[in-house]
Amino acid sequence: MSNIRHKIHGLTRDIGFPVRRLLPAAAARTVGPFVFFDHMGPVEFDAGTTEGDVRPHPHIGLATVTYLFSGAMMHRDSLGVVQRITPGAVNWMAAGRGIVHSERIPDDIREQKVPVHGLQMWVALPAEQEDGAPLFHHYAADEMPDTVVGGARLHVLAGSAFGVSSPVQTASPTLYVAGSTTDGATLEIAAEVQERAVYVVRGEVSLDGERLEAGTLAILEPGAAVTLQAEGETVFMILGGAPLDGPRFVWWNFVSTSRDKIEAAKQAWNARDKSVFPDIPGESEWIPLPTH
């Protein structure tokens, strides 16, 4: 009997660069608190262009979690935070009742043709926190616990796993681990959290003998330990956590327990209501509300 409940391959879209959307999907809309999962790149950007830049846009009710394998991005937000995002670091931005941010490709990354490659996740905030104050926390790569288990090098980015704990402060029980191997590895993924998934970024792995190719998100059955066998050089992610405290509505960049709150956010962004969505210092562009 397979311990894989669903295999999700996602859809790749070109939004100026390739992005594979894994969550939400028809088979599974969430894994633990994760409600959105994009795999971006790898892609090189030309110097002297704005290709790949994401202009100022709003969020409510979620936390963005950005993690890069290569390249860099420059984060700016309406709190006044300016932060260069680099490989291995964790950047946690809780939107709460409202925040605006932009993400741009730095000039040196364009000029040196460094591939930009990473993951963009959204975590739904608990209902009691979705109207809270926005915040941004940056955790450098060397703050992430680093351990080797069964030949796999593991960085615990959120939560506790494999005997180590991340310093990242999450809003609810969350598991997020980056793994890599050079010569193959065997790793047991314990059933320490209720909902878990494995994503293969590069290479191939098998879960209890069931093969997974790159670009596959495997949603695991709850309550069962699973053995991951890596084939040669691989990069994979383990993600999950406690189930959400109720259903979520997702529309554009807004996540909420309430449709009315999403409608209010749409109106506030359309009206450029600075009491809800303040300007980003130094930014003048913005992304209009979608018409559908």
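Arg211 is partly exposed in the predicted model, its relative accessible area being 48%, where partly exposed denotes the range between buried (under 20% relative accessible area) and exposed (over 50%), computed with a 1.4 Å probe and protein chains only. The residue belongs to strand 20, which spans residues 210–213; strands (E, at least two residues) and helices (H or I, at least four) are DSSP runs numbered from the N terminus. The side chains of Arg211 and Glu204 are joined by a polar contact of 2.9 Å, a polar contact being a pair of N or O atoms within 3.5 Å, of which, within protein, one must be able to donate a hydrogen and the other to accept it, while residues adjacent in sequence count only if both atoms are side-chain atoms. When residues up to four places away in sequence are not counted, Arg211 touches Glu204, Val205 and Ser206 as well as Lys7 and Glu231, contact meaning heavy atoms within 4.5 Å.

Residues are numbered from 1 along each chain as its sequence is written. Because the model is predicted, local features need pLDDT of at least 70 and side-chain atom pairs count only at pLDDT 80 or more, whereas totals for chains, interfaces and linings use all residues, and side-chain values rest on heavy atoms, with hydrogens and water left out.

Gln120, in strand 11 (residues 116–124), counts as buried, with 10% relative accessibility. A polar contact of 3.1 Å links the side chain of Gln120 to that of Thr66. Thr66 is also among the contacts of Gln120 beyond four places in sequence, together with Thr64, Val65, Phe36, Phe37, Asp38 and Glu103. Ala124 lies 87 residues from Arg211 in sequence, and their C-alpha atoms are 30 Å apart in space.

At the level of the whole protein chain, two helices and 24 strands are assigned. The radius of gyration is 19 Å, close to the 19 Å that the globule rule gives for 292 residues, so the chain is as compact as a globular protein of that length; the radius is taken over C-alpha atoms, and the rule is 2.2 Å times the number of residues to the power 0.38. Along the principal axes, the C-alpha atoms fill a box of roughly 55 × 45 × 35 Å. Of the 292 residues, 50% count as buried, and among contacts with a separation of 6 or more, 70% are accounted for by residues 24 or more positions apart.
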